Amino acid sequence: MHKVTLIRGDGIGPEIAEATRRCVDAAGAKIQWDIQEAGVDIMATAGTPLPDQTLQSIDKTEVTLKAPITTPVGTGFRSINVHLRQHFDLYACLRPCKSYQGVRSRYEDIDLVIVRENTEDLYAGIEFEKGTDAVNELVQWINSHSKRQIRPNSGISIKPISVAGSQRIVKFAFDYARQNGRKKVTSVHKANIMKHTDGLWLEVSRQVAKQYPDIEFEDRIVDNMCMQLVQKPELYDVIVLPNLYGDILSDLCAGLVGGLGVAPGANIGDKKAVFEATHGSAPKYKGLNKVNPTALILSAVMMLRHLNLRAEADKLEHAVAAVIAEGRDVTYDLKPNRDDPTAVGTSEMADAIIAKM
Ligand code: NAD
């Protein structure tokens, strides 16, 4: 029996969490769910959107399936999702992008995986507002130490990229490739322009690649990578990127396979892993039993593989693929026309998936 924390989230979270839990159980996975709350709903009673009890559960079970959470305003949390990633050092964001027959998209047969670094780069949150004493001091220092000058009245965001941070994410990408029968890792950067950050990233990527002679390695400059993904996405397998490029290319790749309704994800550290859909809490659909549960169900498929429950993962993924391919018992977003009266609700789509197993 595997103990897993299930965070129901808010907005559409509880509906898709329940649909997903039922599907995972029906796949025969031996999971003992520890159901926990986070988000704006629990804030009303607990006074915090992230109760200690939830954090303790994630800490104890080490594997969490998390439904979306609204970013609450004025609670001291910039975002609970970001807070969880930082608190548990979930440094790898994993986003598989795979075509499923029946999902409308411009492309077919895409099967690639984005591995995004989650803790460094321009997203480290180290920023200085224009006109403040801190920024003035920093600009003065930079102007006296660099051949280039920063204009007055500039705001500054810092881009730290470390050897240790790059090593662990590139190793993660290669290990993932090895464990999942993938053939190639592509490291993405802009090393020609940013020699001391992206250049370092590329250098570390090349060093780590030497330890994995069984996996092909190549690098791409990020702008070229964008063009290649739009023109020849089938050439790519596992793509590893620093935080900012990873964020942008994750969405680009989600777009290649049909969008947010079918885009799963995970945030993984050395000890803990949190599996979650790429999409948010879509508050306008809350309680309507309307939205597509697929992205969270496919996140659960990733979780089952992480737990080494591979047969159960395959069974669930095949059932989801079959229901989508049939196109009958699917939510509005998977119908050719969004007003299609034959669209089913969240829980009915889960029923159809369960019936296929
Ligand atoms: P969103 O992803 O919640 O919704 C955008 C639109 O996408 C929806 O209006 C809907 O049309 C569509 N959509 C999303 N999920 C869908 C599904 N499962 N099935 C069908 N259609 C779906 O993005 P948003 O409106 O920008 O964000 C709402 C809240 O969610 C914000 O507070 C945001 O901070 C939060 N958020 C949370 C997470 C997370 O928990 N990991 C991720 C992104 C956004």
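Is Asn153 buried or exposed in this structure? At 63% relative accessibility, Asn153 counts as exposed; here buried means under 20% relative accessible area, exposed means over 50%, and partly exposed covers what lies in between, with a 1.4 Å probe and protein chains only. The model is a predicted one, in which local features need pLDDT of at least 70 and side-chain atom pairs count only at pLDDT 80 or more, while totals for chains, interfaces and linings use all residues. Residues are numbered from 1 along each chain as its sequence is written, and side-chain values use heavy atoms, with hydrogens and water left out.

Asn153 has a further feature to look for: its phi is near 60°, a positive value in a residue other than glycine. Asn153 sits in the loop between helix 5 (133-145) and strand 7. Helices (H or I, at least four residues) and strands (E, at least two) are DSSP runs, numbered from the N terminus. Asp89 is not a glycine either, and has a positive phi of about 50°.

The ligand is surrounded by 20 residues, the closest being Ile69, Thr71, Gly280, Ala282 and Asn292; a residue is near a molecule if one of its heavy atoms lies within 4 Å of it. This shell divides into 8 nonpolar, 8 polar and 4 charged residues. In this grouping, Ala, Val, Leu, Ile, Met, Phe, Trp, Tyr, Cys and Pro count as nonpolar, Asp, Glu, Lys and Arg as charged, and the others, Gly among them, as polar. Oxygen atoms of the ligand lie 2.9 Å from a polar backbone atom of Ile69 and 2.7 Å from a polar backbone atom of Ala282. For Asn81, a polar side-chain atom lies 3.1 Å from an oxygen atom of the ligand. On its own, the ligand has 820 Å² of accessible area, of which the protein covers 70%; accessible areas come from the Shrake-Rupley method with a 1.4 Å probe.

Turning to charged pairs, the structure holds 25 salt bridges, each a side-chain nitrogen of Lys or Arg within 4 Å of a carboxyl oxygen of Asp or Glu. One of them joins Lys159 and Asp121, with the closest N and O atoms 3.5 Å apart. Lys159 lies in the loop between strand 7 (156-157) and helix 6 (163-179) and Asp121 in the loop between strand 5 (111-117) and strand 6 (127-128), so the pair ties together parts that are 38 residues apart in sequence. Lys159 is buried at 16% relative accessible area, and Asp121 is buried at 0%.

Lys356 and Glu326 form another salt bridge, their closest N and O atoms being 2.5 Å apart. Because Lys356 lies in the segment after helix 12 (346-355) and Glu326 in helix 11 (residues 310-326), this pair ties together parts 30 residues apart in sequence. Lys356 is partly exposed at 37% relative accessibility, and Glu326 is partly exposed at 44%. Finally, Lys98, Arg305, Asp314 and Glu317 are linked in a network of salt bridges.

How values were computed: Polar contact = N/O pair within 3.5 Å; in protein donor to acceptor, adjacent residues only side chain to side chain.
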